[in-house]
Amino acid sequence: VTSMFLNTLTPKFYVALTGTSSLISGLILIFEWWYFRKYGTSFIEQVSVSHLRPLLGGVENNSSAGLFSSANGEVEQRPSVSECKVWRNPLNLFRGAEYSRYTWVTGKEPLTYYDMNLSAQDHQTFFTSDTQQLKPEDSVMQKAWRERNPQARIRAAYQAIELNHECAAAYVLLAEEEATTIIEAERLFKQALKFGTVTSPTGKDTNLLVYIKRRLAMCARKLGRIKEAVKMMRDLMKEFPLLGMLNIHENLLEALLELQAYADVQAVLAKYDDISLPKSATICYTSALLKARAVSDKFSPEAASRRGLSTAEMNAVEAIHRAVEFNPHVPKYLLEMKSLILPPEHILKRGDSEAVAYAFFHLQHWKRAEGALNLLHCTWEGTFRIIPYPLEKGHLFYPYPGCTETADRELLPSFHEVSVYPKKELPFFILFTAGLCSFTAMLAMLTHQFPDLMGVFVKAVSLNCTGRVNLCFSPCI
């Protein structure tokens, strides 16, 4: 029966069959590749794990998924997806005076809705009065921070000022979003400071006061009054020592680097680059810059390969390796191998968003240190030979959280190509569909070119398979 059926099929049938199979597998391959590029995983694999495995009774064993071995051999808890904490960018720009200007010139939105929504939550949480019952102007400002439309937020700020002309939070919003120059923003922040100090500086009023003083210091830094900015930042850190989580020291480090006060920079690092304190790209790369600066002006790769590295050069290279392991995305921006964009208002430590924010403000400091970028260029890729398998084992820091790429795609605008490390291997189903598509396309081409030969081949294979099946079942009959 099988041979009679095969004899009735023409070569056109085989061409149509293999061509259709190639087309379908090609469409699946294109969809799988698009899904992997956007979400970092295979669609088929995700559906299989999420829906088919429970139906088949499979249970995923997570008992050891959260553990990893640290550099000192101790077993610690691997950061989970929920622990990919997003931080406020200590050096975030002004929306009205800087981000909006970028939009006017390019027509592109530098901030994502997710990023702006996080800022709205910050403002709503920290800037509302600490009294049990909200004042009328506080209620208006609560809604103002949540408004998606910038003009609506500005109108709400003016409404709050009408209710109370001493509403400091309203002046903060106007300074951030309505002011089109840093000078104008500074003037509005000074008004906010004047009215903010009238209220009792406790609880959330303290948060508002610290925010205003910090932004005034940043205004002074942008307007070239750097020594004044440094003094304001130091005073702020002395006055509110418990607010270290705001990372004001990162503003101070950048301003001191602009003054080329490297001894003061080292003093700040000595306090904050401590093993018990959380790290950042600013801490690690500033430490590397100082050590590189001491040797980079006379560094030569050829001479170093002949005589070996001196102690100071070895310290600089190790500092660069440490910084690159913490955030491997930074060097390409510092070496201008990848284009910079405006930094987001929030960053993910060790992610591309943090790298953009760091390089945006610190590239000039690396360029100022003669030979520092050359030393970075010669040594940074050596970091990846030290880390045997970053997904499972770290060298000086814990392994990279799996949620880094997803969070960065939410924080960075769509026109920016997000840097991803470690590079993910292609899922099995993409490789499988690529092979299937190639194989069926080759069969379709051969069948079209040699129809008679392929017809004989198919019949021979089919008859051989039929004979084997009959042989297997003959003892049972």
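Which residues does asparagine 247 touch, not counting residues up to four places away in sequence? In this predicted model, asparagine 247 touches Trp87, Pro90 and Arg214.

**Asparagine 247**

- Asparagine 247 is located in the loop between H11 and H12.
- The relative accessible area of asparagine 247 is 10%, and because buried means under 20%, the residue counts as buried.

**Helices H11 and H12**

- Helix H11 covers residues 226-239 and helix H12 covers residues 248-258; their axes come within 10 Å and cross at roughly 155°.
- That crossing makes H11 roughly antiparallel to H12, because angles over 145 degrees are classed in this way.
- The crossing in which H11 passes H12 is left-handed.
- On the H11 side, the contact is made by Ile226, Val230, Met233, Arg234, Leu236 and Met237.
- On the H12 side, the contributing residues are Ile248, His249, Asn251, Leu252, Ala255, Leu256 and Glu258.
- Sorted by class, the contact of H11 with H12 has 9 nonpolar residues, together with 2 polar and 2 charged ones.

**Aromatic pairs**

- A pair of aromatic rings is described by two quantities, the distance of the centres and the angle of the planes.
- The structure holds 8 aromatic pairs.
- One of them joins phenylalanine 94 and phenylalanine 189, whose ring centres are 6.1 Å apart.
- The planes of these two rings stand at 65°, so the pair of phenylalanine 94 and phenylalanine 189 is edge-to-face.
- Phenylalanine 94 belongs to the loop between strand S3 (86-88) and helix H4 (95-106), whereas phenylalanine 189 belongs to helix H9 (residues 182-196).
- The pair therefore ties together parts that are 95 residues apart in sequence.
- Phenylalanine 94 and phenylalanine 189 are both buried.
- Phenylalanine 360 and phenylalanine 361 also form an edge-to-face pair, with 5.0 Å from centre to centre and 75° between the planes.
- Within this pair, phenylalanine 360 counts as partly exposed, at 32% relative accessibility, while phenylalanine 361 is buried, with a relative accessible area of 11%.

**Aromatic cluster**

- Trp380, Phe384, Tyr400 and Tyr421 form one aromatic cluster.

Methods: Residues are numbered from 1 along each chain as its sequence is written. This is a predicted model: local features need pLDDT of at least 70, side-chain atom pairs count only at pLDDT 80 or more; totals for chains, interfaces and linings use all residues. Side-chain values use heavy atoms; hydrogens and water are left out. Axes are lines fitted to C-alpha atoms, for helices over the stretch in contact, and angles run from 0 to 180 degrees between N-to-C directions. Helices (H or I, at least four residues) and strands (E, at least two) are DSSP runs, numbered from the N terminus. Angles under 35 degrees count as roughly parallel, over 145 as roughly antiparallel, 65 to 115 as roughly perpendicular and the rest as oblique. A crossing is left-handed if the near helix is turned anticlockwise from the far one by less than a right angle, and right-handed if clockwise. Contact means heavy atoms within 4.5 Å. Ala, Val, Leu, Ile, Met, Phe, Trp, Tyr, Cys and Pro count as nonpolar, Asp, Glu, Lys and Arg as charged, and the others, Gly among them, as polar. Rings of Phe, Tyr and Trp (its six-membered ring) pair if their centres lie within 6.5 Å; planes under 30 degrees apart count as stacked, over 60 as edge-to-face and the rest as tilted. Buried means under 20% relative accessible area, exposed over 50%, partly exposed in between (1.4 Å probe, protein chains only).
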